[in-house]
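Please keep the structure in view while working through them.

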Amino acid sequence: MIPLLVEACPSFQSVLEEHRKYYDEEIPYVVLGDFARHLLQLHQQHQAEVFPTVARVIERLHVEGDHYVQEAATIGLLEGIQNVWGNEGTDPELFVRHLLPVSAKWWQSLNDFWDGKSKFVGEGL
């Protein structure tokens, strides 16, 4: 999962190396949170040209990944983007336009969950 994201966004490699001592490879959520922060920095620096490639990887994780990978892609990455961007005053919906269909459904599922429209992320998908 993480190597695919680094391949899609090579500038994340330096962040990965800098924080490697904090990462547990069995639990990728900390790395995914840092990746969400990195994407925000790229957006703020008007360097979002990798976003379509990142979105293709997110879609691949949702379509080809096992349950654990799909969950991490949704809860760790998509929700991470929503939280990190929103907490920093940037509308996370600016990222959604890059998502492909399956990932966009999971994004909406998160929105529905937090809006109280569903009890579970992914309900009805």
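Is R37 buried, partly exposed or exposed? With a relative accessible area of 39%, R37 is partly exposed; here buried means under 20% relative accessible area, exposed over 50%, and partly exposed in between (1.4 Å probe, protein chains only).

The model is predicted, so local features need pLDDT of at least 70 and side-chain atom pairs count only at pLDDT 80 or more, while totals for chains, interfaces and linings use all residues. Residues are numbered from 1 along each chain as its sequence is written, and side-chain values use heavy atoms, with hydrogens and water left out.

1. The salt bridge of R37. The partner of R37 is D34, and their side chains meet in a salt bridge at 2.9 Å, N to O. A salt bridge is a side-chain nitrogen of Lys or Arg within 4 Å of a carboxyl oxygen of Asp or Glu. D34 and R37 are separated by about one helical turn, because they are 3 residues apart in helix 3. Helices (H or I, at least four residues) and strands (E, at least two) are DSSP runs, numbered from the N terminus.

2. The whole structure holds 2 salt bridges. R60 forms one with E64, their closest N and O atoms being 3.1 Å apart. These residues lie 4 apart in helix 4, which again means a separation of about one helical turn. R60 is partly exposed at 42%, and E64 counts as exposed at 58%.

3. A buried charge without a salt bridge. E79, in helix 5, is buried yet has no salt bridge. The nearest side chain of opposite charge is that of R37, 12 Å away; Lys and Arg count as positive and Asp and Glu as negative, while His and the chain ends are not counted. Beyond its neighbours within four places in sequence, E79 is in contact (heavy atoms within 4.5 Å) with T74, L110 and W114.

4. The nonpolar core. A nonpolar core is a set of buried Ala, Val, Leu, Ile, Met, Phe, Trp, Tyr and Cys residues joined through side-chain atoms within 4.5 Å. The largest one here has 35 residues, and F12, F35, L39, V54, I81, W85 and F95 have the most contacts inside it. Helix 5 supplies the largest share, 8 residues. In soluble globular proteins, nonpolar side chains tend to be buried together.

5. Helix 4. Its 14 residues should span 20 Å at 1.5 Å a residue, and the end C-alpha atoms of helix 4 are 20 Å apart, which agrees; the expected span is 1.5 Å times one less than the number of residues. Among the buried residues of helix 4 are F51, V54 and I58. Their cover includes helix 1, helix 3, helix 5, helix 6 and helix 7.

6. Q70. This residue of helix 5 is partly exposed, at 23%. Which residues does Q70 touch, not counting those up to four places away in sequence? They are L61, H62, V63 and G65. A polar atom of the Q70 side chain lies 3.0 Å from the backbone oxygen of H62, and the Q70 side chain reaches the backbone oxygen of G65 at 2.9 Å.

Key
A polar contact is a pair of N or O atoms within 3.5 Å; within protein, one must be able to donate a hydrogen and the other to accept it, and residues adjacent in sequence count only if both atoms are side-chain atoms.
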